[in-house]
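This report goes through a two-chain model, beginning with the place where the chains touch and then taking each chain in turn. Please keep the structure in view while reading.

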Amino acid sequence: MMPPSVAGQPQPPLVLLLGRGSPFAAAIERRLAAEGYRVALQDAAAAPDEEVSPAAIVFAPKVPRATGLAETVVEEALLELEEALVAPTLVVRDLVARRGPDRASRLLMVVDWAVTGPPGATAAAAAMGGLVGLARSWALEFAPLGVTANIVLVGPDADPAAPARALPTLVRPPSAEDVAHAVAFFLDPRAGSVTGQVLAVCGGRSAAAMPV
Amino acid sequence: MDPAQRVLVTGVATGIGRAIAERLTADGYAVLGLDIDAAVPDGLAGFAQADVTDPAATRAALARLLEGGPITRLVNNVGSSRREYIADATAETQRWLVRLNLGSAMLCVQAVLPGMRAAGFGRIVNITSRAVFGRETRSAYAATKAALAALTRSWAREFAAAGITCNAVGPGMINTDLFRRNNPADAPDVTRLTGGVPMRRIGEPAEIAQAVAHFLEARSSYVTGQMLFVCGGLSLGPLEPGRNAELEAADRLG
């Protein structure tokens with residue numbers, strides 16, 4: 001089904017998916033294509049292409065390697081963190097903040113479970129936490145433009161390449177398609193009153209935990 | 001000197017850090033300071049001057065402070081912010097704040113951790129912000145503070161079994177030079193927040209120091225991974241514009 005146009009975009013609307021290499025990129029691409037979007041898949045760290053006018057931007061960033069604090073090389077962790085935060089900032093600066101009515105009106109950040117602070121994950125926790133802080137700030141600053149910014153927090157069992165875990169989820173562990181379903185929800189023009197939110201797709205792992 | 005009473009406070013020369021140092025000195029701690037600015041409060045038990053955005057210089061300064069013995073309490077206070085609309089965002093702002101607000105904390109915890117592990121005791125307090133929930137005109141800053149909140153959770157779990165707690169204090173609108181510099185009194189994003197504080201005032205640095213002192217106490221031994229907002233109620237969400245004036249008028253009517 002073709003979605004209604006978003007903020008005056010010509011049909012079919014373009015989604016910029018900045019997540020080449022993400023374990024969820026393929027499923028997100030398939031799901032959005034099935035809903036009638038055009039999807040342009042690029043590297044998470046790609047520089048903004050000023051020629052394009054996506055209706056939505058989905059960030060599915062790389063997760064830094066998990067190491068304990070004592071083993072973390074701070075200089076390397078800071079460089080990774082800077083890259084993780086600078087790239088999406090420049091994208092929204094150029095494709096949202098500096099644009100007119102052809103700006104992207106849906107921003108979505110897909111973050112890893114590391115934001116919940118597992119032990120031994122200093123660089124990963126910092127990067128994912130930073131991205132949540134960015135997306136929440138976008139929600140506030142872009143609200144007057146009618147632009148929404150939300151976060152999908154993916155449980156630790158969703159990556160098919162990750163080792164199987166012994167801990168049970170409350171309900172079935174999420175698949176990449178479940179992540180794509182959440183992405184499709186936030187991109188829908190009918191989700192225009194939802195912004196600044198974190199939706200955990202985690203099989204219920206966060207159900208009895210403090211919110212991030 | 002009882003090594004358990006040595007506490008390192010970063011960013012000790014001004015603002016919230018200065019108030020924390022003064023409070024902890026008054027409480028009887030041996031307070032060690034780290035700052036780029038040498039105009040530090042009276043009564044410090046030690047001080048090292050360093051630009052904490054420079055990892056090598058920071059490691060050297062921390063090594064000097066550790067010559068006096070292990071440091072089993074740490075307040076990662078140093079930090080800054082820059083008011084910047086996303087339309088004007090630069091990589092430089094984000095890189096600076098990552099190094100200042102996050103690199104400093106990583107380096108300090110790394111330096112004091114062996115002593116805490118050896119003592120089977122440690123208290124780490126990270127100064128975050130209400131901006132962990134996002135802040136317009138401050139996205140680079142909010143990102144670093146949300147990252148520090150995630151680090152607080154991760155470090156709390158990583159060190160919990162060693163008797164080392166790691167918690168965060170999240171200030172709201174606090175009366176400091178940095179606050180005044182970054183918050184023009186008539187800007188809409190500022191009045192939305194200052195006008196929406198349920199306590200109808202901004203906070204004082206000593207009120208942050210009170211929360212920090214709580215987490216640092218030996219008796220606060222079963223609390224870890226938590227964030228205590230010291231914000232006059234603002235982290236509940238600002239009251240809508242005009243609501244405080246209505247409430248004030250109702251108060252006057254009795």
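## Where the chains touch

The contact takes 39 residues from chain B and 41 residues from chain A. On the side of chain B that touches chain A, the elements giving two or more residues are H3 and H4 of chain B. H4(B) supplies the largest share of that side, 16 residues. Sorted by class, the side of chain B that touches chain A holds 22 nonpolar, 8 polar and 9 charged residues. The model is a predicted one.

## Chain B overall

Chain B has 8 helices and 7 strands. Its radius of gyration is 18 Å, close to the 18 Å that the globule rule gives for 254 residues, so chain B is as compact as a globular protein of that length. Taken along the principal axes, the C-alpha atoms of chain B fill a box of roughly 60 × 45 × 35 Å.

## The sheet of chain B

Strands in a sheet pair through backbone hydrogen bonds, and the pairing is either parallel or antiparallel. In chain B, 7 strands make an open sheet with parallel pairing, in the order S3-S2-S1-S4-S5-S6-S7. Strand S3 (46-49) and strand S7 (227-230) of chain B are at the edges; each has a single partner strand, so one side of each is left without a neighbour in the sheet. From one strand to the next, the twist averages 15°.

One pairing can be followed at the level of residues. Strand S5 (residues 122-127) and strand S6 (residues 164-171) of chain B run parallel and are joined by 6 bridges. Which residue of S6(B) is the bridge partner of Asn126(B)? The partner is Ala168(B).

## Helices on the sheet of chain B

## Helix pairs in chain B

H3(B) is also paired with helix H4 (residues 139-159) of chain B: the two axes come within 9 Å and cross at roughly 20°. Angles under 35 degrees count as roughly parallel, and H3(B) and H4(B) are therefore roughly parallel to each other. The crossing in which H3(B) passes H4(B) is right-handed. Residues of H3(B) in this contact include Leu97(B), Val98(B), Leu102(B) and Val109(B), and those of H4(B) include Tyr141(B), Leu148(B), Leu151(B) and Trp155(B). The residues of the contact of H3(B) with H4(B) divide into 11 nonpolar, 4 polar and 1 charged.

H1(B) packs with helix H7 (residues 205-216) of chain B at an angle of about 55°, and their axes are 8 Å apart. That angle makes H1(B) oblique to H7(B). The crossing of these two helices, H1(B) and H7(B), is right-handed. In H1(B), the residues that meet H7(B) are Gly15(B), Ile16(B), Ala19(B), Ile20(B), Arg23(B) and Leu24(B). In H7(B), they are Pro205(B), Ala206(B), Ile208(B), Ala209(B), Val212(B) and Ala213(B). By class, this contact of H1(B) with H7(B) has 10 nonpolar, 1 polar and 1 charged residues.

## Chain A overall

Chain A contains 4 helices and 6 strands. Read from the N terminus, its elements run β-α-β-β-α-β-α-β-α-β. The radius of gyration of chain A is 17 Å, close to the 17 Å that the globule rule gives for 212 residues, so chain A is as compact as a globular protein of that length. The C-alpha trace of chain A spans about 50 × 40 × 30 Å along its principal axes.

## The sheet of chain A

Chain A has an open sheet of 6 strands with parallel pairing, in the order S2-S1-S3-S4-S5-S6. Which strands of chain A are the edge strands? They are strand S2 (38-42) and strand S6 (198-201), and each pairs on one side only. The twist averages 20° from one strand to the next.

Strand S4 (residues 106-111) and strand S5 (residues 148-154) of chain A pair in the parallel sense over 6 bridges. Within this pairing, Arg106(A) has Thr148(A) in S5(A) as its bridge partner. Helix H3 (residues 122-142) of chain A packs on the sheet and touches S4, S5 and S6 of chain A. The direction of H3(A) makes about 155° with that of S5(A).

How values were computed. Residues numbered from 1 in each chain as written. Chains lettered and ligands numbered in written order. Predicted model: local features only at pLDDT ≥ 70, side-chain atom pairs only at ≥ 80, totals over all residues. Pairing = 2+ DSSP bridges. Axes fitted to C-alpha atoms, helices over the stretch in contact; angles between N-to-C directions. Parallel < 35°, antiparallel > 145°, perpendicular 65-115°, else oblique. Left-handed = near helix turned anticlockwise from the far one by under 90°. Contact = placed C-beta atoms within 7 Å. Nonpolar A, V, L, I, M, F, W, Y, C, P; charged D, E, K, R; others polar. Rg over C-alpha atoms; globule rule 2.2 N^0.38 Å.
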